[in-house]
Every structure is written in structure tokens, then in C-alpha cells.
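Hi,

Here is the structure we talked about. Please open it and follow along with the notes below.

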Amino acid sequence: MFALTKLPDGFHDDPYPTYRALREDTPVCLQPDGSVILSRHQDLDIIYRDTTRFISDKKAVFGPKYGVDSPLFEHHTTSLVFNDPPLHSRVRKVMVGAMNPRALAQMEPGLIELVDGLLDQMQAKGTVELIEDFAGAIPIEIIGNLLGIPRSEREPLREWSLAILGALEPQLTPEQEDWGNRAVREFKAFLRDIIDDRRANPGNPETDVLTRLIQDDTEGGLTEVELYQNCIFILNAGHETTTNLIGNALDLLDRHRDKRTELLVNPDLISTAVDEFLRLESPNQFGNRLTTEEVEFHGHVIPAGTDLHLCIGAANRDPRQFDFPDDMMLDRRPNKHHAFAGGPHTCVGLTLARMEGRVAVSRFLNRFPDYQITESAQRGGRIRFRGFAYLPAQV
């Protein structure tokens, strides 16, 4: 029996044999705490689309985990991803409006300039660390620009993000919990002056997400807690997933040199290739929902109030949905993966993430077609998010 709190040896390096066994043999996997793992693509599709029987609100789960008076509880029960309408709808509408096609098109030249500058710096070094020097640097700048955070003040954002999102892991040490709570407190203090300044000096609401959040007057607007915590969420979510997307993509192309050559010869494949990277090595490996009534999957009755772990990493390699699911097909179509979740909670930043992945990977390959990742690469060591903590390479 697979348990999220007791992982098999080698799981972080290669979870896919475990996911295959779950998906094929135990598609409804009961956990010691009464929660349930679901791992088939069709099951996740049903759950994502049904917001009546399966809700995102996690107060009942996060209260015992963090304590209802903790900064982590306040953050994770107020952020967009763990909320249902009306708060989810209001915040999502603000964010979608700021990431419309015209706004994204205006962002692309700046993204290209940023990526090329990072490539210049790496070329001068020769030996690089692809997370710190490249994959992690890109989304911090892009999301920092969306919220108008001064560039000189962005250094602590990545560490705060790792601490806060790391607290979503199934099992926490006291040190990890303390780190997460401290990060929320420090992040809120960091945002205070920025938000006060933006109230006094609004930015362009067409492109400035923070100004849009402040000026939103739907149903009375956001409370102070909602405003602060969703600013933190936007920075964390936009950073973590895109960092992992770029790092995982470069690792995949290093392990599959024939596919790297194929992409270099056919650069127009980059858009479908990015979705294939997302499918094969999903940055977010698990999602969650809570049942509001008794439901049944594969002959198993699941009670109301059950915490569901949605195994995206397994569903994205489900042979019922994908031909040759463990193979990398750069031109795979259709590619209905769940890397961005689904239904009303489909990731609001998916178009931006795809653009960042497309620009970063294609321009990196053009500059360094013969790069090699060294043997000392280290995975991040987390269950929910799949990426690298350390990815050294020769360029």
C-alpha cells in the first residue's frame, strides 16, 4: 500500500513506476489518515469539472495541520487555489484581465531581453547552475513586473516561495512549519509598503495586477487579508511552476538527445514540445479536492468530507488517454494533460507559463545546443512539486 507519508526508496528520482502501479492496480488508494489518492486521467477530469461535489476549500484540512491562528493557515485558506466562488471568481477575473493576449504580447519582447541577458551571463561562466542562473530567475522577474515589485527588492522572493509552498507537503518537520510561517509573516511585511505606495500612486490597470486587485470593487472589493495573501499566491504560483517547467524541460532534453536534435532541426515544434514537457514531468504533481457528499469511483464508496489527492503525475501518463504515454513526442496532438489542473480552476497563468517556457527553452537551445547536465543534479525532494533544487551544467 502506497502512503504519501512513507515513500518508497528512489521515489523523488523516479516516481513513475509507483504512479503506474497506483493507476493500474489501486486507482482509489486509501491513506492512513482517511484521505484518498486518485490517479486516473478520467477521474481527475470528472473531479475538476464538478465544483459541487468536489470543492477546493481546505479549511477543514489545514486547520488541524497548521493551527487556525497560524500565518500558513491564513495564507493557504485565502489564496485563489484553495477557494471556491465567490472569492475565487473575483480574484480570477482580475488576474485574467491583466493577462489578456494583448498584454502578453506586450510582455514578450521584455521576456526575450531578460532571457538573452541571462544567456549572456551563462556563456561567460561556462559552468552554470540552471535553476539559480536561469530557470528560477525568469519567473521571478516576470511576476515581479506584473505586480510592480522593485527589481532591487526581489531577492528574498524565491526563498519565501519555497518555504510557503513546501508547507503543502503531506508531512512537515517542525522546522519546515516554522520556516513556512515565518515566510508568510515576512512576505506580508515586505508587501505592506508596496501596497501602500500603489494605493497612493496607482499603476496602469491594463498591465499592473496589483493595481487591479486594489481597485477591484466587485462585491465590495477584497479584504486586506485577501489582498495580501493573493499577492503572495500570485508570486509563489507563477514562480514555482515555471521554474520547474524550464528546469524539467532542459533535463528531459539532456536525457533524450535525439529529441533535442529534433527540436533544433524543427524549432516550430517548440509550442507542442512545451506541453509535452509539462505532461511528462508535471511541475505540480498533486492537486486536492474535498468531497461534499458520498461519491463512488471504481466500486469504492468515498464518504463526504474526504480529502482527495489528485495525482496529476500519474494521470498525465495514463495509457487510456495518451498513446505511448511514457514516450516523449514533441508533436503530440491532442495533448489534454492536467499540468494546469482543469475546469473552473484551470491555472489562470497557463498562457504566460507556456510563453515563458517556449522563449526560455528555444533560446537556450539555440545558444547552447551541446549543453550537458552533470551527474550532481539534485531533485527538489518534494512530493507535490516536481523540479530540481540544483541542476548544474556545462554550456
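**Salt bridges in the model**

Arg199 and Glu224 form a salt bridge, with their closest N and O atoms 2.4 Å apart. This pair links distant parts of the chain: Arg199 sits in helix H10 (residues 174–200) and Glu224 in helix H12 (residues 224–255), 25 residues apart. Arg199 is partly exposed, at 38% relative accessibility. Glu224 is partly exposed too, at 40%.

Keep in mind that this is a predicted model. Why can such pairs form? Side chains of opposite charge can pair when their charged atoms come close.

How many salt bridges are there in the whole structure? A search finds 33.

Now look at Glu281. Arg255 forms a salt bridge with Glu281, and the closest N and O atoms are 3.3 Å apart. Again, distant parts of the chain are linked: Arg255 is in helix H12, while Glu281 is in the loop between helix H14 (270–280) and strand E5 (286–291), 26 residues apart. Is Glu281 buried or exposed? Glu281 has a relative accessible area of 3%, so it counts as buried. Arg255 is partly exposed, at 45%.

Arg379 also forms a salt bridge with Glu281, with a closest N to O distance of 3.4 Å. Arg379 lies in strand E10 (residues 378–379), 98 residues apart from Glu281. Arg379 is buried because its relative accessibility, 14%, is under the 20% cut-off.

Which residues make up the network here? Salt bridges link Asp251, Arg255, Glu281, Arg379 and Arg386.

Best wishes

Definitions and conventions. Residues are numbered from 1 along each chain as its sequence is written. This is a predicted model: local features need pLDDT of at least 70, side-chain atom pairs count only at pLDDT 80 or more; totals for chains, interfaces and linings use all residues. Side-chain values use heavy atoms; hydrogens and water are left out. A salt bridge is a side-chain nitrogen of Lys or Arg within 4 Å of a carboxyl oxygen of Asp or Glu. Helices (H or I, at least four residues) and strands (E, at least two) are DSSP runs, numbered from the N terminus. Buried means under 20% relative accessible area, exposed over 50%, partly exposed in between (1.4 Å probe, protein chains only).
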